[in-house]
Amino acid sequence: MDDAEWQWIRIRHPWTHRFFIHWPDATPASHQNIRVYDRQGLDYARLVWKVCHTCRRGVISKISLSPEVQRQGLGAILIDRALRDGPTYDWTTSPQSPEGKTFFAVMAVRTGASFTGGAKTCEHINGVRAGRTHPVLDRHLQRTAPRVPSWP
Ligand SMILES: [Zn+2]
């Protein structure tokens with residue numbers, strides 16, 4: 001996000017202290033990105049996912065949380081946001097570290113998605129390249145994500 005985009009979002013939302021910023025997919029099945037920022041611009045969580053509506057597949061490519069916001073439900077909230085794009089689709093993940101495997105095993109039980117690590121995806125998801133898109137506030141997360149004391 002360039003400075004002008006970030007300044008514009010802050011000016012338009014003067015009372016917001018936590019920003020769920022979404023970069024939509026540039027083309028079908030290309031990656032989407034959500035980052036969570038405080039008002040100072042500190043980025044403390046990130047989710048990257050791709051969805052193919054043709055093949056009814058989704059993949060979580062990356063999820064990362066700063067240590068201070070781990071184990072408070074933020075990861076689950078971000079996973080739920082990705083799944084909104086295809087609640088009944090076949091969801092997998094990129095290959096995972098042992099810690100990531102534990103996280104996705106919990107998410108699989110919670111959501112019913114398989115989240116198989118490193119599974120094959122489809123030609124659309126594999127074949128598409130990232131393009132530049134403009135960031136917008138994710139209205140759903142802005143409205144529904146709970147307040148947690150250690151989150152900005
Ligand atoms: Zn596909």
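This briefing looks at how two helices pack together and at the largest pocket in the structure. Keep in mind that the model is predicted. The helices to find are H2, residues 74-83, and H3, residues 98-111. Both helices turn up again in the pocket, where each supplies at least two residues of the lining.

**How H2 and H3 pack**

- The angle between H2 and H3 is about 55 degrees, and their axes sit 11 Å apart.
- That angle makes H2 oblique to H3.
- As for handedness, the crossing of these two helices is right-handed.

**Who touches whom**

- On the H2 side, look for Gly75, Ala76, Ile79, Asp80 and Leu83.
- They meet Phe103, Phe104, Met107, Arg110 and Thr111 from H3.
- Sort the residues of this contact by class and you get 6 nonpolar, 2 polar and 2 charged.

**The largest pocket**

- The largest pocket holds about 570 Å³ of space.
- Its lining is made up of 22 residues.
- If you want to find its centre, Leu65, Gln70, Arg71, Glu99 and Phe103 are the lining residues that lie nearest to it.
- Strand E4, which covers 57-65, joins H2 and H3 in giving at least two residues each to the lining.
- H3 gives the most, with 7 residues.
- By class, the pocket lining splits into 9 nonpolar, 10 polar and 3 charged residues.

Conventions:
Residues are numbered from 1 along each chain as its sequence is written. This is a predicted model: local features need pLDDT of at least 70, side-chain atom pairs count only at pLDDT 80 or more; totals for chains, interfaces and linings use all residues. Side-chain values use heavy atoms; hydrogens and water are left out. Axes are lines fitted to C-alpha atoms, for helices over the stretch in contact, and angles run from 0 to 180 degrees between N-to-C directions. Helices (H or I, at least four residues) and strands (E, at least two) are DSSP runs, numbered from the N terminus. Angles under 35 degrees count as roughly parallel, over 145 as roughly antiparallel, 65 to 115 as roughly perpendicular and the rest as oblique. A crossing is left-handed if the near helix is turned anticlockwise from the far one by less than a right angle, and right-handed if clockwise. Contact means heavy atoms within 4.5 Å. Ala, Val, Leu, Ile, Met, Phe, Trp, Tyr, Cys and Pro count as nonpolar, Asp, Glu, Lys and Arg as charged, and the others, Gly among them, as polar. On a 1 Å grid over the protein atoms alone, a cavity is a set of points where a 1.4 Å probe fits but cannot get out, and a pocket is an open set with protein on both sides within 12 Å along at least five of seven lines; lining residues have an atom within 4 Å of a point. Grid points are joined across faces, edges and corners, and a volume is the space filled by probe spheres set on the points.
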